[in-house]
Amino acid sequence: MVASGRAAILVCGLRSGDHQTFELIRALRRRQPQLVVLVYSEQRDSTALANLINQGQIFRFIHRPAGPDYLRRHILAALAFVFPWLGLASWRAYRDLVAPA
């Protein structure tokens with residue numbers, strides 16, 4: 001889906017020294033500039049990661065381990081950024097949208 005240009009959000013896990021993923025993120029963002037990228041990783045001190053963040057290639061960095069509520073908040077923020085017209089101000093609003101009672 002990402003390669004076809006139909007994805008809006010990419011959640012990407014990184015391992016230490018994973019420079020191929022950094023290059024993949026750059027390539028995907030060149031091809032699809034509106035793609036919102038969230039990176040989930042244990043890494044904290046990485047020049048390549050800092051460069052991607054500073055260049056605006058990464059929307060959010062999520063430090064691993066993170067609980068499900070923390071992940072949901074960041075994914076919800078990405079959804080609200082991509083689809084502001086949905087009015088996703090809270091996880092409850094999103095949950096009600098995708099699974100109404």
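Modeller: A helix here is a DSSP run of H or I that is at least four residues long, and helices are numbered from the N terminus. T21 is found in helix 1. The model is predicted.

Biologist: How many helices and strands does the chain have, and in what order do the elements run?

Modeller: The secondary structure comes to 4 helices and 3 strands. From the N terminus on, the order is β-α-β-α-β-α-α.

Biologist: Why is T21 given the burial label it has?

Modeller: Buried means under 20% relative accessible area. T21 has 12% relative accessibility, so T21 counts as buried. Leaving out residues up to four places away in sequence, T21 touches C12, G13 and L14.

Biologist: What part of the chain is buried?

Modeller: Buried residues make up 34% of the 101 residues. The accessible surface of the chain comes to about 6,600 Å², and 54% of that surface belongs to carbon and sulfur atoms.

Biologist: What makes a set of residues a nonpolar core, and which residues have the most contacts inside the largest one?

Modeller: The members must be buried nonpolar residues joined through side-chain atoms within 4.5 Å. The largest such core has 14 residues, and L10, F22, I25, L35, V37, V39 and L49 have the most contacts inside it. Strand 1, helix 1, strand 2 (36-41) and helix 2 each supply at least two residues of this core. Another core, of 6 residues, lies apart from it and includes L38, I62, A66 and A78. In soluble globular proteins, nonpolar side chains tend to be buried together.

Biologist: How do you know on which side of helix 2 its buried residues lie?

Modeller: In helix 2, the residues A48, L49 and L52 are buried. They cover an arc of only 100° around the axis, so they lie on the same side of helix 2. These buried residues pack against strand 1, helix 1, strand 2 and strand 3. The face turned away from the buried side carries the exposed residues T47 and N54. Helix 2 is followed by G56, whose phi is positive, near 75°.

Biologist: Why is the contact of E23 and R26 called a salt bridge?

Modeller: The cut-off is 4 Å between a side-chain nitrogen of Lys or Arg and a carboxyl oxygen of Asp or Glu. The side chains of E23 and R26 meet at 2.9 Å, N to O, so the pair qualifies under that cut-off. Both residues lie in helix 1, 3 residues apart, about one turn of the helix. E23 is partly exposed at 44% relative accessible area, whereas R26, at 18%, counts as buried.

Biologist: How many salt bridges does the structure hold?

Modeller: The structure holds 2. R72 and D69 also meet in a salt bridge, at 2.3 Å, N to O. They lie in helix 3, 3 residues apart, about one turn of the helix. R72 has a relative accessible area of 29% and is partly exposed, while D69, at 54%, counts as exposed. Side chains of opposite charge can pair when their charged atoms come close.

Biologist: What is D18 in contact with, beyond its neighbours within four places in sequence?

Modeller: D18 is in contact with G13 and Q43. D18 lies in the loop between strand 1 (9-14) and helix 1 (19-31).

Biologist: What makes the peptide bond from R64 to P65 cis or trans?

Modeller: Its omega is near 0°, and the bond is cis. P65 lies in the loop between strand 3 and helix 3.

Terms used: Residues numbered from 1 in each chain as written. Predicted model: local features only at pLDDT ≥ 70, side-chain atom pairs only at ≥ 80, totals over all residues. Heavy atoms only, no water. Contact = heavy atoms within 4.5 Å. Buried < 20%, exposed > 50% of the residue type's maximum accessible area, 1.4 Å probe, protein only. Areas by Shrake-Rupley, 256 points an atom, 1.4 Å probe, with all protein chains shown as cover. Arc of directions from axis to C-beta.
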